[in-house]
Amino acid sequence: SSGINAEYGREAFNMQRSLDKGQLMDGLRHATEMLNELRTSILPPKNYYELYMMVTMELTHLNMYMSAEFIKENKIADLYELVQHAGNILPRLYLLITVGVVYIRSEECSRKDILQDLVEMCRGVQHPLRGLFLRNFLLTSTRDVLPDDETQASDGGTIEDSINFILLNFSEMNKLWVRMQHQGHSRDRTKREQERLELKLLVGTNLERLSRLEGVTVDKYEKQILPAVLKQLVNCKDSIAQEYLMDCIIQVFPDEFHLRTLENTFLDTCCHPQSQVNVRNIIISIIGRLSNFAQADPANIPDDIKLFDIFSVKVTQIIQSRSDMPPEDILALQSALIKLALNVYPSETGYVNQVLQDTLSIFQKEESRAKGCSGELSKLLRVPVDHYQDILVVLQLDAYPKLFSFLELGTRRDLCVYIAEHVIETDTLIYSHEQVDMLWSMLECLVAGGPDDTTVDPEDFECEQALVGRLVHQMTSTVPDQQFLILSTCKKHLTAGGDRRIQYTLPSLIFRAIHLCRVYHELREEDEKWEKKVTKILQYINSLLSSLVKAEFWDLSLRLYLQAALVCDTMGISNAETVGYEFMSQAFAIYEEEVSDSKAQLIAISLIVATFEQTRNFSEENHEPLRSQCFRAGSKLLKKPDQCRAVGLCSHLYWSGRNREGEGEPLRNSTKVLECLKKAVRISNQCMEPTVQVQLFVELLNKYVYFLCNGCEEVSESVLSQLIGKIQEDMPGLESGEITRQIVKHFESTLGFVTHRQLLST
């Protein structure tokens, strides 16, 4: 390679020096020697291309010299004859092309004849690599002299001559290119294919040049150019040539040309290429090209051209004719069809459904084709979701959910998560129970689960079910009766998910039902049956809570029973007390029978007391037993500090609690309040740990201050002073530490408040 470059450089230098001295014959001799370097067979295509570029660049100096010196002296015809006597054919043809271009510009001879002469004489080089580069030199050298006008003078040629010239050059180059595949040993097949791919642009340049001729019309393309190119493709029977040149046709010619020739010419050829040709890429490329063309301006597609129908038929034919087509190729074609339908016919959901139905039919007839393509099928199913941005439109596609069965469980789960997230992110509201039923059926692997449940990462499972719970809030109707149907449909699907799921999903349903109760309550003046409907919803809530209890989610069930009791208390229905008492008693039952941890017991009784304190519609007959039950439960806690805090909390039931007989007024039972506080103080005195004991005294001091400020008659200054004195007496004996500092700070803040409010006379 280095020797070739050195020889080329020396001869190129000598050629330029001879031309500078006006010694043309010596210049031609050195040019011939320089061009002889292109006869080498030892260079691979990449290195040969580099040498070719350097040599042809030097030939431009020769071209410029001849243009300046010979055209004005009218001797170019003699020179054209002279170079034909060069010794070797390859240098001879390079020189002949160089001189021939100058000859054409001189207009001394028929342009048509010279072009025909040049393209025919290039047949003399049949070595594939040398021939390809020689014909590429012919094409690039003549690009500025090709006739491009129908009305040009007869000796200057017409657009027809240019078309014939390029088509002939293309045909010969393609033959040389294909011939490369069949030279050498079979073990070098892969290497030869790679070399051919490196040279493909040389062949494709012919088509690119044809597309740039301004005189090429749609008619000429349809009747002359495309048939000739496709004939060459079919006859060569070479998969590399067919695949590349079909794509080249798509890319270089205008979209208007493709529309005219789509159905009966180009796509027909695509249906019958070599079996190794990747038809998928070709069809996707032409679909994408015309889809973008239509998207830019819908008027670009004439009404008589049914673009989707044409491609749909051809894609079906291709899939049927290729029984060995990989499933991912089938899905890529179907995905391209869907994108075409969405871009060109955005309002025609029937086209999208047709593609999905065709895909379903293919996989149902040959289930083996669906294996191993979950990823591609998932991508296809995401396209309508991303485009429509509305799951309600996707639900109208009958075939859409049926394709889920061909997805692997993991991929199906991921797709369901994607759809659920999309609904939430786009804030899509689902208004009817029929749509809700369709969506839950589609997302069945999230809602009902499957055999792979145990393999799912616990964190992922929790996130998925939380997503399902959030999805419930997107299912809403402005019509209350319709909303209840939606909730009933949700219950049917979500309760089928098993115990592992309902802890994440049923709370959302319960809170949606609570909201619906409030809606009916607001509409009580307009709906005579509102009370019956609220009662039915409360029964619905109770059934959901029963499911949670059976699944042994005690803490969650207790909290939701209390929430339901509060809602029931505010509804004002005739049986509010009965239903509310049932909810409260169920919460107590869970507390007494199922909550065993001491810390959880304190939290639970605190919640029960706080909930009961907010109720208003219990009669004294029911209110008193519940108060007493709270007090007894608090005083029976295992740990003394917990007993103290629970009993102290119960004091509020006798002060701010309300019953029906009081007509909304608080009980204000000072005697019972003091009994609770004294009981709490006695319990705190039983604590053995000094720090805990003082901490409880400070907490109880705050309760005494609260009731004293709110006018509780039984809480006197003397009681307050005694408790303060007790705390001040015990405080110095506490061990220093963070807890002690917090107790001291709390106590000092309380004393500051007492002083500020002047609660003590001394």
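1. How do the residues of the lining of the largest cavity divide into nonpolar, polar and charged? They divide into three nonpolar, two polar and two charged, where Ala, Val, Leu, Ile, Met, Phe, Trp, Tyr, Cys and Pro count as nonpolar, Asp, Glu, Lys and Arg as charged, and the others, Gly among them, as polar.

2. A note on the basis of these values: this is a predicted model, in which local features need pLDDT of at least 70 and side-chain atom pairs count only at pLDDT 80 or more, while totals for chains, interfaces and linings use all residues. Residues are numbered from 1 along each chain as its sequence is written, and side-chain values use heavy atoms, with hydrogens and water left out.

3. The structure holds one cavity of 30 Å³ or more, and the volume of the largest cavity is about 30 Å³. On a 1 Å grid over the protein atoms alone, a cavity is a set of points where a 1.4 Å probe fits but cannot get out, whereas a pocket is an open set with protein on both sides within 12 Å along at least five of seven lines; lining residues have an atom within 4 Å of a point. Grid points are joined across faces, edges and corners, and a volume is the space filled by probe spheres set on the points.

4. The lining of the largest cavity consists of Ala565, Asp569, Ala576, Glu577, Gly580, Asn617 and Phe618.

5. The largest pocket holds about 500 Å³ of space. Its lining has 20 residues, of which Thr60, Phe137, Thr140, Ser141 and Arg143 lie nearest the centre, and the elements that give two or more residues to this lining are helix H3 (45–69), helix H5 (89–106) and helix H7 (128–141). H3 gives the most, with nine residues, and by class the lining divides into 10 nonpolar, seven polar and three charged residues.

6. The second largest pocket has a volume of about 370 Å³, and of the 16 residues that line this pocket, Ser41, Met180, Gln183, Arg192 and Glu195 are the closest to its centre. H7 and helix H9 (189–212) each supply at least two residues of the lining, with the largest share, three residues, coming from H9. The lining divides into six nonpolar, six polar and four charged residues.

7. H5 also packs with helix H6 (residues 111–121), at an angle of about 170° and with the axes 10 Å apart; axes are lines fitted to C-alpha atoms, for helices over the stretch in contact, and angles run from 0 to 180 degrees between N-to-C directions. H5 is therefore roughly antiparallel to H6, given that angles under 35 degrees count as roughly parallel, over 145 as roughly antiparallel, 65 to 115 as roughly perpendicular and the rest as oblique. In this contact (heavy atoms within 4.5 Å), Leu93, Leu96, Ile97, Gly100, Tyr103 and Ile104 of H5 meet Arg111, Ile114, Leu115, Leu118 and Met121 of H6, and the classes are nine nonpolar, one polar and one charged.

8. Helix H17 (residues 374–388) and helix H19 (residues 409–425) pack at an angle of about 15°, with their axes 10 Å apart, and are therefore roughly parallel to each other.

Notes. Helix = DSSP H or I, 4+ residues; strand = E, 2+ residues; numbered from the N terminus.
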